[in-house]
Amino acid sequence: MKPSVTFSYIPYLKGFSTKMYKQVQTNSAGDMQDYSIFQGGIYGTPSLSQRSGNVSLNLTNIVEAKVFNRNDTTGKPQKVNIIDNFGISTSL
């Protein structure tokens with residue numbers, strides 16, 4: 001079995017720096033909207049409205065069987081893979 005645990009957290013960033021967000025006019029009526037200077041970048045946009053977190057748990061296993069050959073007199077079993085990388089995962 002190979003267990004793994006992953007944790008990610010996105011903090012509330014609006015109060016940290018006002019240079020990350022700009023107010024832009026979205027139409028001719030003068031409506032304003034928050035715009036991130038990182039929008040469209042390869043790393044994405046920082047969270048503007050809320051913080052979030054995620055925990056993921058994963059178990060991976062290889063299911064094997066021991067097979068004895070009828071014509072073999074040594075009595076040693078041969079391992080046979082039934083399922084490679086059988087996995088169960090969940091996220092909270």
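## Close-ups of an all-strand model

**View 1. Lys-2, out in the open.** Lys-2 counts as exposed, since its relative accessible area comes to 58%, over the 50% cut-off. This is a predicted model, and Lys-2 is part of its strand β1. Skip the neighbours within four places in sequence, and Lys-2 still has contacts with Asn-58, Leu-59 and Thr-60. Take Thr-60: 58 residues separate Lys-2 from Thr-60 in sequence, yet their C-alpha atoms sit 5.1 Å apart in space.

**View 2. The three-stranded sheet.** Here we have an open sheet of 3 strands, in the order β1-β4-β5 and with antiparallel pairing. Which strands stand at the edges? Those are β1 (2-10) and β5 (78-91); each has a single partner strand, so one side of each goes without a neighbour in the sheet. On average, and ignoring direction, neighbouring strands in this sheet are turned by 15° against each other. As a reminder for this view, strands of a sheet pair through backbone hydrogen bonds, in either a parallel or an antiparallel way.

**View 3. Where β4 meets β5.** Zooming in on one pair of that sheet, we find 11 bridges between strand β4 (residues 52-67) and β5, paired in the antiparallel sense. Which residue of β5 stands opposite Thr-60? It's Gly-87. Thr-60 is also one of the residues in contact with Lys-2, and Lys-2 lies in β1.

View 4. Strands β2 (residues 21-25) and β3 (residues 32-36) run antiparallel and are joined by 5 bridges.

**View 5. A nonpolar patch on the surface.** Six names to find here: Met-1, Leu-59, Ile-82, Ile-83, Phe-86 and Ile-88 make up a nonpolar surface patch, with about 620 Å² of accessible area together. Which element gives the most to the patch? That would be β5, with 4 residues. Met-1 comes from the segment before β1 and is exposed, because its relative accessible area of 72% is over 50%. Leu-59, another patch member, also turns up among the contacts of Lys-2.

**View 6. Stepping back to the whole chain.** How much of the chain counts as buried? Of its 92 residues, 8% do. The chain exposes about 8,000 Å², and 54% of that is supplied by carbon and sulfur atoms. As for contacts between residues at least 6 apart in sequence, 52% join residues at least 24 apart. The pair from the opening view, Lys-2 and Thr-60, is separated by 58 residues in sequence.

Technical notes:
Residues are numbered from 1 along each chain as its sequence is written. This is a predicted model: local features need pLDDT of at least 70, side-chain atom pairs count only at pLDDT 80 or more; totals for chains, interfaces and linings use all residues. Side-chain values use heavy atoms; hydrogens and water are left out. Two strands pair if DSSP finds at least two bridges between them. Helices (H or I, at least four residues) and strands (E, at least two) are DSSP runs, numbered from the N terminus. Axes are lines fitted to C-alpha atoms, for helices over the stretch in contact, and angles run from 0 to 180 degrees between N-to-C directions. Buried means under 20% relative accessible area, exposed over 50%, partly exposed in between (1.4 Å probe, protein chains only). Contact means heavy atoms within 4.5 Å. Accessible areas come from the Shrake-Rupley method with a 1.4 Å probe; for residues, only the protein chains shown count as cover. Patches are made of residues with over 30% relative accessible area and no salt bridge: like charges are joined within 9 Å, nonpolar side chains (Val, Leu, Ile, Met, Phe, Trp, Tyr) within 5 Å. A salt bridge is a side-chain nitrogen of Lys or Arg within 4 Å of a carboxyl oxygen of Asp or Glu.
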